[in-house]
Amino acid sequence: MSPHVPSMLVRLAERGATGALIRDTGALYLADGAVVHAESPAAPGIDVLLTADGRLPSEQWREAMDAAGPHCRIARYLLDHGRLSGAELEIRHLSALYDAAYFVLAPDGGPSRFRHGAVHWFGRVRPVGVADVERESRRRRRYLTDLWPHAHLDAVPPVRRRHAARLPPVPRRQQDVLDLADGRHTPALIAAKLGRPAFHTLVDIRRLAASGHLETRTSPPPGPGHAEAAGPGAVAAGAPRGAAVRRLPFPFPDTAEDVDVVVLRRLRDALEAHL
Amino acid sequence: MSGIDECLLEAMRLPGARGAALVEWVSGLALGVVGEAPGGDHEVMAAEAAEFARGAAEMPVFTGPGGPAAEQEPADAKALPVEDVIVVARTGYHLLRFLEAPYEGGVFLHLWLDRGQANLALSLMRMRDLAERLVLE
């Protein structure tokens with residue numbers, strides 16, 4: 001976390017501020033100094049999380065949006081109309097809040113600014129202390145590192161390992177993620193497709209990489225010269241499992257455990273361009 | 001029942017109850033806690049219980065002869081393979097009750113009881129009832 005974000009949040013909390021802390025990685029909404037919502041492009045929104053598994057039919061969600069969205073009281077509407085129990089709404093909302101907050105408070109999330117008075121359209125459910133949100137985000141970062149200390153896996157599209165078929169099967173939740181690991185879907189996209197919190201997908205990806213089902217040293221997003229090989233059209237629908245892997249050969253020896261793959265690859269591209 | 005805290009406070013009314021928590025097991029997030037935690041740290045308790053719950057919910061040896069839910073009848077796909085986990089420790093009981101909502105995050109209730117005062121059968125029944133009402137009422 002960049003050093004000024006926690007202190008800024010603490011000041012805002014002490015002042016009982018209401019508004020949105022906005023960064024490149026998303027926004028944290030405060031009401032009277034407590035966190036009431038968070039959203040991030042890296043994490044599925046509360047709408048996706050509520051409707052994806054069929055818990056809330058999309059029509060009911062749209063109806064709530066139309067009726068209560070303009071008044072920023074969707075949570076209240078869902079409760080009053082018996083769409084969800086109070087506890088279930090709290091569970092799902094807290095899950096979404098901490099999920100997005102993890103990305104908003106990322107160490108490399110860029111500068112922060114505060115928009116006073118901004119209110120999120122979902123409405124207040126169960127406000128959380130700023131300190132709790134920061135502590136949980138730090139715990140989550142440690143948790144991922146303890147699982148498998150390769151942070152670049154959080155951003156690049158996961159790629160299956162070629163010989164993983166011989167490994168023991170994985171639990172259903174992880175298998176769902178593995179099925180979408182085709183070298184094109186980013187972790188954020190996988191989370192959105194599965195309708196699961198994005199952090200949960202990061203956990204599954206780290207576990208799958210640690211158990212050898214996914215490549216740990218995955219290629220960076222294709223740069224100039226690689227676009228054709230790794231482009232979306234390159235992987236035909238129904239292609240054999242190994243196809244995507246073969247198209248993204250990793251050019252470095254296995255011993256290079258801690259190298260910054262992106263930097264090395266750019267360096268190689270630059271050198272080749274001069275040959 | 002109106003929210004997480006009310007549910008946890010109701011669990012705490014059971015004889016011998018020392019602490020209760022609602023935990024998301026994939027992330028280890030404590031969604032709510034009341035009472036004491038073994039070792040005094042609710043966050044650590046939630047993270048450790050979550051790891052344990054994950055093992056019970058995902059390991060094929062516990063999830064039954066039909067294998068993981070995905071291999072069973074479609075109607076059954078969302079059903080929980082494991083409903084409760086009971087740990088009988090030297091001085092206490094730990095009851096974990098998974099929530100039945102078709103909820104991808106995976107959530108369980110955790111109740112810590114004093115072994116000398118608690119009634120295990122009664123506690124188990126009340127936890128089932130609480131977990132059911134939590135998502136219905």
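This is a predicted model: local features need pLDDT of at least 70, side-chain atom pairs count only at pLDDT 80 or more; totals for chains, interfaces and linings use all residues.

Q: Why does Trp61(A) count as buried?
A: Its relative accessibility is 8%, and the cut-off for buried is under 20%, so Trp61(A) counts as buried.

Q: What makes Trp121(A) partly exposed?
A: Trp121(A) has a relative accessible area of 30%, which falls between the limits of 20% and 50%.

Q: Why is the pair of Trp61(A) and Trp121(A) called edge-to-face?
A: The ring centres are 6.2 Å apart, and pairing requires them to lie within 6.5 Å. Trp61(A) sits in helix H3 and Trp121(A) in the loop between strand S4 and helix H6, 60 residues apart.

Q: What makes Tyr102(A) and Phe199(A) an edge-to-face pair?
A: Here the distance is 5.1 Å centre to centre, with 65° between the planes; the limits are within 6.5 Å and over 60 degrees. Tyr102(A) is buried at 4%, and so is Phe199(A) at 0%.

Q: Why are H5(A) and H9(A) called roughly perpendicular?
A: Their axes cross at roughly 70°, and 65 to 115 degrees counts as roughly perpendicular, hence the name. Among the residues that meet there are Tyr102(A) of H5(A) and Phe199(A) of H9(A).

Definitions and conventions. Residues are numbered from 1 along each chain as its sequence is written. Chains are lettered from A and ligands numbered from 1 in the order in which they are written. Side-chain values use heavy atoms; hydrogens and water are left out. Axes are lines fitted to C-alpha atoms, for helices over the stretch in contact, and angles run from 0 to 180 degrees between N-to-C directions. Helices (H or I, at least four residues) and strands (E, at least two) are DSSP runs, numbered from the N terminus. Angles under 35 degrees count as roughly parallel, over 145 as roughly antiparallel, 65 to 115 as roughly perpendicular and the rest as oblique. Contact means heavy atoms within 4.5 Å. Rings of Phe, Tyr and Trp (its six-membered ring) pair if their centres lie within 6.5 Å; planes under 30 degrees apart count as stacked, over 60 as edge-to-face and the rest as tilted. Buried means under 20% relative accessible area, exposed over 50%, partly exposed in between (1.4 Å probe, protein chains only).
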